[in-house]
Amino acid sequence: MIFKMKNENKKKLIELENIHVDLKSSFETINVLKGINLKIFKNESVGIIGESGAGKSTLIMCIAGLELISKGKILFNKLPIHNLKEDDLALYRSKNIGIIFQSFNLLPSMTALENVNLPIEISGNFKNNTMAIELLTAVGLKNRIFHYPHQLSGGEQQRVAIARSLISNPEILIADEPTGNLDKKNSEDVIKLLFKLKKDFGSTLILVTHDTSVAKLCDRIIKIDNGLIVK
Amino acid sequence: MFIETFKNLTLSFRELRGSFNEFKIVVASIFLGVFIITAVGSISENLKSEIKNKRAEMLGGNFELSTTYQEFPNNIKSWLEKNGKTTHLIELRTMLSYNSQSILKRRIVELKAVDNNYPLVGKVLTSPYQKVKLSLGTKNNEKKIFIDKSLKGQLGIDVGDFVYLGKSKFKISGIIEKEPDRMFSFATFGPRVLLSKDALKETGLIKAGSLIKYKTKFIPNNENKINLAFLNHLVKGTNVSVRSIENNTNNFNNFVDRTSIFISLVGLITLLISGVGISNGVRGYIIKKTKNIAIMKSLGAKNLKILIIYLNQIFMIFLLSITPAIMLGVSIPYVFSPIISQELFNTFEPSIFLEPILISFLYGLTTSILFTILPLLNTYKIKPIELIRNSSENSLNETTFKIKSIIFILISILCFLTMNLINDKKLSFYILISMTVSFVLIYGLTNLKFFILSKIKFKSGTTFEYIRKAITKSNSFARSIVISFSIGLSLLISLNIIESSLDKRITAAINKQAPSHFLIDIQPEQIEKIKYIALSILGDNNFNSQPMLRGRITDINNQSVQSLKVDKEVEWVLKRDRAFSWSNEKPKNTKLISGEWWSENYDGPLLVSIGNKIAKGLNLKIGDKIKFNILGRNFEAQIFNTREIIWENMDINFIFILSNSNIENAPHSWIATTKNIGQNLNNSFVEKIISEFANISSISIEESYKSIKSILNLLIIIINSIALITLFSGTIVLAGIIDVGKKDKLYEAAILKILGATPKRVAYLWFKEYFIIGLISSFISLIIGFLVSYVLLNYIFNIEIFFDFKMIFVLSLLVPFLITIFSLLKMLNLLLSKPLVVLREYF
């Protein structure tokens, strides 16, 4: 009740209403999400947990505008994004979303610096390298800025990905199992870094994880099972 | 969009970094087509420019005035000498004899007798080097001549040997290396012999009625005043014809144009086949870049942005490919300049021309974009969600209106460029239509074949069923392989059928109908004696002779021929002197098409019989009037009948045969043929005639056939080599396809091996798969090849189709073997891969 009252005072950033996602194949239709209702508030951190295949990643990809929903509404700052066209969704992501993937997803032909600059180059807002260098310094990779992904360890690659996600100063940071491919030490370092930067940048963090201890670091934990929020 | 494109160049380059290797097939594909078009265009422009610079040398002066049979009217000759520089020449054909160890060898030669002013322009190059003026004169009672290189080899004679021309003995003074006013030698009957005019007079070869050409090369003192029209006016009413440097080089320019059009078209076809390679290369590249594209989209990149990034990359690759192609292309005239200098011009200085570079650049660019745009549109289909979930397909089947419009515009540009390249609207229309029809046929037949294959089912678990599924699956590249090879193979098969049909027709004509020898320049007083000898050696009905005169058509139905519009194909009839004959008796084997032959004792106004196809081309019908100028006199004849002329029978064929009239009193000669009744009899007859009558020359049909055949063979070798280039571009496409499908094949080999298949077994399966793809290509090529050759032979050559089944069988198996062996060699390392390593590393 207290938690509910606290949130009501906060500004609603994302609102999901009765979200359904059906994936069709030639053999069958799988209902991945079966009616999700969720509100996410500005500056909060939300941990999403659940079994494999429960629909966690699909849910955050819907928020990122990467997965198209079959039914329901998604509002960002009270504006609907579920009915946006592909290019408008790209613009929405470019301005508002920073994504960190489990498998880093850096472009192998670009250096750490170029990878970090990529979102602003894509949006056409690139001016200079200052911000990217600052971010790489902040993630502890000041000496690795001209290294290519294959010259970096997994932990270092994920730090580059974190720096990249923050280059546009997005309102929402979406992290899809960011420590899934890292060892324990690197996982701890990356999570620590993620929460620190979230705080520094004042972003909203939506974090998908299998690790309950990581989820507990968030303001709120949501558990998903079989396409529905159960807790 | 263009500013966007520029802004994204850096990003495109960064994304491309490390991926250049993926484009090697695309680079090779663009390179080959652009190189051929640039090289051919550069050679063609260089030759045309050289001709323009050397046209006076090639004609031997600014103008050439010529007559047949008679020397120039004195008033014209003296006017020319007074108003400019002149050189007077005489040209005729005769037999040259050489007595080698009591064996008399003879050869028909083309004599050119020159005066002391020859040549007005350029130099005669001889070996050993001598000044022609001094050497041609008579010294120590020895008359001297220069002979062509080819005669040296044919008769085994050399400098210093003695030979006979007519009744005179000559010493060979040197070998002609270069004759300035004669560029080609393949259009002549025999090798050139150069001698002085005075020496020619003593040979006794100049007889009234002999086919002798008198020529005067002329450079006027006042070039502004004296032009072609002026000279034509000067010689009006005489039998003198005038050529200027402008109309002299037209034929060669046309030859260069036609040849370069043909080779450029091959370049274009190569580029279009390469287009399939470009398309597959880009398709494979985009599949490999799916993850990168998904990452960029997840970071906010719009579809257009992605398209521009990859279009930029293709443009970079395009520049990378065409730069060496154009550089190499423009250097080809430099590489071949020694050969061109030796064969065509005394000196040849190549230059770089902008037009061929521009045309090949535009061709390359348009083709690259045309074949790139569809696979690049696949980027629209790639969803960022593929970063967390595998996409089942990477194909794009829908083509939007916008894209259809772009494709239409690009095809229009290609058509425009082709029309510009060919510079003949009708011809370019036919070529574009033929190319479109052929491509649609190949494409349609390929799809039909694959549709049938997708419907037929073999017994489950059999090798054939496995292969059928492999080549008909939705992402299979088998169709692209079939299309890219079918184009080249269809061309090869068509050429082979046309070649064997032509060969059969010529051989049949030679064996059955053609005469053994032609005898030319028989004097009227000699003909009766020769007929008698023919009867005694060859027997009855084996000797055919007709009187002959040359003259020009000046008017048709009282209208000057210069102002007439006639079919292009028969224009040649009006351009130069033509041979006429006359007879009141209907010549043997004459087939009349319209009208009838005049009576044997006809004595009325002049009548003429004309070849029916020529009559049609000149828009002539029975009753029309033709005016001839023969030996400076005008004769008007009325068309009385038209008859079929079968040129292929190689017998005496006159386009015009006149009725008997006082024309037969004019100085003329006879032409005769001997029927092929056995080599010994024919040879002994010809030997007797030319040894007894020094002025008569003989031409062996067999030898002429051999020389025609050698030119034909050379053309066929060139065309076949070009067709092989198209097969080579098919191989480049195949290499690209194998590269793209490498991952699938690795996976397939790994699974098969895990299930117990040995590498040999996997190789055998792949061998069958690619062999079947090759057989499909052969099957389609056979249909297209047959159709194309049938249409050409039936409607253009009018020749019955003939198949050399052995050769067609060999050609049909060429592609399946080429595809199979090349593919297996390229996939050898995949066969030897370790299955578990593959599954761990790649999947």
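A residue counts as buried if 20 or more other C-beta atoms lie within 10 Å of its own, with C-beta atoms placed from the backbone. Keep that cut-off at hand for the exercises below, which use a predicted model.

**Exercise 1. Getting to know chain A**

Task: Find how many helices and strands chain A has, and what percentage of its residues count as buried.

Solution: Start with the inventory: chain A holds 8 helices and 10 strands. Next, apply the burial cut-off to its 231 residues, and 48% count as buried. Finally, take the contacts in chain A with a separation of 6 or more: 72% of them join residues 24 or more positions apart.

**Exercise 2. Reading the sheet**

Task: Work out the strand order of the open sheet of 6 strands in chain A, and say which strands are at its edges.

Solution: Trace the sheet across its strands, and the order reads β6-β7-β8-β3-β9-β10 in chain A, with mixed pairing. Now look for strands that pair on one side only: these are β6 (97–100) and β10 (228–229) of chain A, the edge strands.

Then step inside the sheet. Strand β3 (residues 45–50) and strand β8 (residues 204–208) of chain A run in the parallel sense and share 4 bridges. To place one of the residues, follow A:G47 across to β8(A), where its bridge partner is A:L207.

Helix α2 (residues 56–63) of chain A lies across β3, β7 (172–176), β8 and β9 (220–225) of that chain, at about 155 degrees to β8(A).

**Exercise 3. Two helices of chain B**

Task: Are α2(B) and α12(B) roughly parallel or roughly perpendicular to each other?

Solution: First, take the axes of helix α2 (residues 9–16) and helix α12 (residues 303–335) of chain B: they come within 8 Å and cross at roughly 75 degrees. Angles of 65 to 115 degrees count as roughly perpendicular, so α2(B) and α12(B) are roughly perpendicular to each other.

Next, list who touches whom. From α2(B) come B:L9, B:L11, B:S12, B:F13, B:E15 and B:L16, and from α12(B) come B:I309, B:N312, B:Q313 and B:M316. Sorted by class, the residues of this contact are 6 nonpolar, 3 polar and 1 charged.

**Exercise 4. Where the chains meet**

Task: Which helix gives the most to the side of chain B that touches chain A?

Solution: Begin with the totals: 22 residues from chain B and 24 residues from chain A make the contact. On the chain B side, α2, α11 (290–298) and α12 each supply at least two residues. Of the elements there, α11(B) gives the most, with 5 residues. To finish, sort that side of chain B by class: 9 nonpolar, 6 polar and 7 charged residues.

Conventions
Residues are numbered from 1 along each chain as its sequence is written. Chains are lettered from A and ligands numbered from 1 in the order in which they are written. This is a predicted model: local features need pLDDT of at least 70, side-chain atom pairs count only at pLDDT 80 or more; totals for chains, interfaces and linings use all residues. Axes are lines fitted to C-alpha atoms, for helices over the stretch in contact, and angles run from 0 to 180 degrees between N-to-C directions. Angles under 35 degrees count as roughly parallel, over 145 as roughly antiparallel, 65 to 115 as roughly perpendicular and the rest as oblique. Two residues are in contact if their C-beta atoms, placed from the backbone, lie within 7 Å. Ala, Val, Leu, Ile, Met, Phe, Trp, Tyr, Cys and Pro count as nonpolar, Asp, Glu, Lys and Arg as charged, and the others, Gly among them, as polar. Two strands pair if DSSP finds at least two bridges between them. A residue is buried if 20 or more other C-beta atoms lie within 10 Å of its own, exposed if 12 or fewer, and partly exposed in between; C-beta atoms are placed from the backbone.
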